[in-house]
Amino acid sequence: MSGVDTPDGLAFWLPLVLACVIAVGVALYVILDGFDLGVGILFPFFREEGERDQMMNSVAPFWDGNETWLVLGGNGLFVAFPLAYSIIMPALYIPLILMLLALVFRGVAFEFRWVAKPRHRKWDIAFATGSMVAGFAQGVMLGGLLDGITVENGRFAGATFDFLTPFSVMCGLGLVVGYALIGACWLIMKTAGPLEQQARRYARPLLLGLLAFIALVSLWTPLEYERIAERWFSFPNLLYLSPVPIVTALLAYSCWRGITGPYTSRAFYSAVGLFIVSFIGLMISVLPYLVPFSVTLWDAAGAPAAQIFILVGIVILMPFILGYTVFVYYTFRGKVRPGEGYH
Amino acid sequence: MEPDALLLARIQFAFTVSFHIVFPAFTIGLSAFIATLLVLWRRTGQDHFHRLARFWTKIFAVSFAMGVVSGIPMSYQFGSNWSRFSEVVGNVIGPLIGYEVLTAFFLEATFLGVMLFGWRRVPPWLHVTSAILVALGTAISGFWILSANSWMHTPAGHEVRGGIAWPVDWLAVIFNPSFPYRFVHMMNAAYLTTSVVVLALGARYLRRGEYPSEARTMMRMGAGMLAILAPLQLLFGDLHGLNTLEHQPVKVAAMEGHWEDTGPAPVVIFGIPDEERETNRAEIAIPKLGSLILTHEWDGRYPGLKDFPPEERPPVTIVFYAFRVMVILGVALIFLGLAGAYLWWRGRLFDTPWYLRLADRSWWIGFVAILAGWITTESGRQPYIVQGLLRTADAVSPVSAYAVATSLAAFVVVYCVVFTIGIHYIRVLMRRGPTGAALEPPPAPEGLPNRPLSAAQDSAHESVREAAP
């Protein structure tokens, strides 16, 4: 880690462990809310009311729990790395607000749509648009972060629209395509009949689209940032990191087979794998920076007392949270059948 | 001229938090009410408890969704608009909110799925347990967020190093001096708010001659809760006030419109605080009663506003009036509860027209009282965002005022549209009423089907069925 000052002992490990915990939380958020945002993004492409009912029913018991990971991620940053939080949030102000407002629309649509029936069209639109805008804004935030933030004296010192670059817009589009893919794979797994078939038809171009975006980011970032190029292409890193593209290719193949073959859940789990590998790839590019490339996770670390306190809570409570999350997914396992739930 | 980012950020927080608090205040009580109904149903097997539970679950689902989506922006505003606040007290406040997420949010959100969609998916005992866990989650959530808020009023268990608050003793942080009082006062307020709504809807149905058995149950449960909780709230409020006098005397002085400590203090029933001339105009006051209330002695003394330099005083007018609104509404609730209990005792709860009309029209009282109470305590802490530690003016983010103005405008438009429609939908659900006999599970389709019926979906179909020839 050339050029980075790292402390010793607890001051080294504590922020690192918490950064890993937050990373896992963010990854879980992206995957879990990813599929329910994706279902919303695909909403306009399914025209029948019955199909839309099924789509919404397939995610309705989960969306709230899924979105809680977003709160955990934001709060984790606030607790463990207050400096990073107080730099990143103002820097990504516009896409952040956009995302929050979009989540308002799509969140209430889950309940409002049923009450409004038969005049629920506006909530179909709110659900689809909200999901799309939320996904796009999250991608823009990711891109804006990767592009770097102007920091002076430990504070955000850039302009309001600094986040808006061709790269961040591309990341926004890429994430929308990625969410749509994972949403389509979810529908393949959770629905049956024409709806499932249609989801399979959509999933193929979406997978190709996502791979194109992954390739684009993988080329763009090393060309733009020497540091990222060095991280990936210097020896022996090249050797250690070569599994990342290889695994990506294998998962992409598996996902393709899952979509085209007689499999129920293979496509979904492969798409989840693609998200995880991409996420790991991004982490390799930027770590140990939380605000690339000015603030490391050690620079941004908050009070050790606060970090220990929250870590104790996480260690004790996370098994329970994961346990009942699994319980709910198990309770609502299996396919939502066509026609079910609305007669 | 650049607009004032600080003022806009404050308006934004006040606006979003005021919208938000309405929903948790309602759902904290409602989840407990639904869990109670389900337990009663399991115990007695009486249909109307089940119908009521299903009915209120639909309303709960809509309210909870609005609470969730209006709450997420709150947790990000700390960073976007108040990043200096995050930096200075994040070490202390952050973990408290973190524990709220870990102990409450996941619990609520996860078991809400089972509560809403699991009627036929899980065994009844597990469904009831889920409802209880959701209710527990809302209360735990209240515990942590009120602890965090109380710490901003009465910070403890920390030390300041280099301008940053560092936690030293977590128990002292969590159980800071004002927390027990604020927690009890607010949770009771939430249960009160729901009780009034339940009572009011029961009265409305009875006036219209609809759903008589459900309406009577609602009225009994609502009036009974009010008769117990509303007088208790007077006690809790009094204790909270004494605690505030001890730790934030200037807030109490503003609440009372008490400018000068010259002798035994009166209670100002009415007045127009004049902050420039440091006195009340058109004052109507009862001598010595203020001393009795705040010091529990006829001749007790407590500091007046003039004992504090003007730059340490909160905006007196807001605090003064908001406090009065809260107290008047609290007294109204005590009357509603005691009158209901009396009529119940006399066997006339369901056929006393004036009481039914009054109860029907009282549904809003809890909500407004809670908002007034929060305006009192939060405005009363000004000019500090964290009492004695950080001024509100020093807590704001280095963002452009135009960005804050734009987001404020967006929040106002979106919230007004979305939540107005949401409240309209709650009214629609209330109009449709606790219909349908859902006690017997319908014959299950083959295998173990996924049957994620939306809670509100049922009623949609019922109404479609009703409309069909």
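In this predicted model, B:Glu312 comes out as partly exposed, with a relative accessible area of 24%. B:Glu312 has a partner: it forms a salt bridge with B:Arg391, and the closest N and O atoms sit 2.5 Å apart. The two residues come from distant parts of the chain, with B:Glu312 in the loop between α9 (289-295) and α10 (316-345) of chain B and B:Arg391 in strand β6 of chain B, 79 residues apart. B:Arg391 counts as partly exposed too, at 26% relative accessibility.

Side chains of opposite charge can pair when their charged atoms come close. In chain A, the side chains of A:Asp36 and A:Arg106 meet in a salt bridge at 2.9 Å, N to O. A:Asp36 lies in helix α1 (residues 10-42) of chain A and A:Arg106 in helix α5 (residues 93-116) of chain A, so this pair ties together parts that are 70 residues apart in sequence. Both A:Asp36 and A:Arg106 are buried.

With B:Asp360 in helix α11 (residues 353-360) of chain B and B:Arg207 in helix α6 (residues 179-208) of chain B, the pair ties together parts that are 153 residues apart in sequence. B:Asp360 counts as buried because its relative accessibility is 8%, while B:Arg207, with a relative accessible area of 40%, is partly exposed.

Now for where the chains meet. Here 80 residues of chain B are in contact with 71 residues of chain A. Together the two chains bury about 6,800 Å² between them, 74% of it on carbon and sulfur atoms. The count of salt bridges between chain B and chain A is 0, but 11 residue pairs are in polar contact. On the side of chain B that touches chain A, α3(B) gives the most, with 26 residues. By class, that side of chain B has 51 nonpolar, 23 polar and 6 charged residues.

Strand β1 (residues 158-161) of chain B and β2(B) pair in the antiparallel sense over 4 bridges, and B:His158 stands opposite B:Pro167 in β2(B). The two strands, β1(B) and β2(B), form a hairpin with 2 residues between them, and B:Gly162 in the turn has a positive phi of about 60 degrees.

Note on methods: Residues are numbered from 1 along each chain as its sequence is written. Chains are lettered from A and ligands numbered from 1 in the order in which they are written. Side-chain values use heavy atoms; hydrogens and water are left out. Contact means heavy atoms within 4.5 Å. Buried area is the accessible area (1.4 Å probe) that two parts lose on being put together, summed over both. A salt bridge is a side-chain nitrogen of Lys or Arg within 4 Å of a carboxyl oxygen of Asp or Glu. A polar contact is a pair of N or O atoms within 3.5 Å; within protein, one must be able to donate a hydrogen and the other to accept it, and residues adjacent in sequence count only if both atoms are side-chain atoms. Ala, Val, Leu, Ile, Met, Phe, Trp, Tyr, Cys and Pro count as nonpolar, Asp, Glu, Lys and Arg as charged, and the others, Gly among them, as polar. Two strands pair if DSSP finds at least two bridges between them. Buried means under 20% relative accessible area, exposed over 50%, partly exposed in between (1.4 Å probe, protein chains only).
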